[in-house]
Amino acid sequence: MRRPARIGSRPGMRRALALARPVRLLVLDVDGVLTDNAVSHDGPGPGLKRFGIQDGMGVKLCQHAGIEVAVISGLGNIQAEQRSRELGIREFHGGHLRKLPVLEKIMAAKCLEFSQVAYMGDDWLDAQIMARVGLPLAPVDAQPEILRIAAWISKRPGGCGAVREAIRFILLAQGKLDRMWREWRD
């Protein structure tokens, strides 16, 4: 069983940093990761979902750093697909309760190994895929079973900056965070 990196856990953090270094693909779940896990209904239709702006900026930074971002969701949702397009995410796959076969196809097309993939999930649908990737990530409000699988856990909940925090962690591990900040600052 993997021990997640927690605040003050140096051995866990060192391990998570090592797992983050080879990442070339970040795969995200939608509900509970890119959104706050809530749906507002005001009539017929799919309901409204909220996406965090900081998470979106994180996705753009990740792409700028040469790390591709993909989305695999258990639900097929037009709002999630539209948000993915807005962020320049080419690999959006909605409506997949079994996510691992979808990831394996993406990896084969991009000639990637599991060690080069990070995945952020929050619920049982994500367990199988998280057990295989090199860097399993989870927002702090993920289900307890998912938190036990994660090698790294955010301080922020899903939809409220957890993705941005995970991307900062990956960029830090790869030695890219400070350089990218200087590009924006200077």
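Let me start with a sorting rule: Ala, Val, Leu, Ile, Met, Phe, Trp, Tyr, Cys and Pro count as nonpolar, Asp, Glu, Lys and Arg as charged, and the others, Gly among them, as polar. Next, the sources. Residues are numbered from 1 along each chain as its sequence is written, and side-chain values use heavy atoms, with hydrogens and water left out. This is a predicted model: local features need pLDDT of at least 70, side-chain atom pairs count only at pLDDT 80 or more, and totals for chains, interfaces and linings use all residues.

First topic, the sheet. Helices (H or I, at least four residues) and strands (E, at least two) are DSSP runs, numbered from the N terminus. Two strands pair if DSSP finds at least two bridges between them. Here 6 strands form an open sheet, in the order β3-β2-β1-β4-β5-β6, with parallel pairing. At the edges are β3 (91-93) and β6 (152-153), each pairing on one side only. Helix α4 (residues 100-110) packs on the sheet and touches β1, β2, β3 and β4. Contact means heavy atoms within 4.5 Å. The direction of α4 makes about 155° with that of β2; axes are lines fitted to C-alpha atoms, for helices over the stretch in contact, and angles run from 0 to 180 degrees between N-to-C directions.

Now β1, residues 25-28. Which residue of β2 stands opposite Val 27? Ala 70 does, and in β4 the residue opposite Val 27 is Tyr 119. Leu 25 and Val 27 point one way, Leu 26 and Leu 28 the other, and all are buried, meaning under 20% relative accessible area with a 1.4 Å probe, protein chains only. In a regular strand the side chains alternate between the two faces of the sheet.

Second topic, the second largest pocket. A pocket, on a 1 Å grid over the protein atoms alone, is an open set of points where a 1.4 Å probe fits, with protein on both sides within 12 Å along at least five of seven lines; lining residues have an atom within 4 Å of a point. The volume is about 160 Å³, counted as the space filled by probe spheres set on the points. α2 (53-64), α7 (162-173) and α8 (177-185) each supply at least two lining residues, and the largest share, 4 residues, comes from α8. The lining divides into 7 nonpolar, no polar and 2 charged residues. Among the lining residues are Arg 164, Arg 168 and Trp 184.

Methods
Buried < 20%, exposed > 50% of the residue type's maximum accessible area, 1.4 Å probe, protein only.
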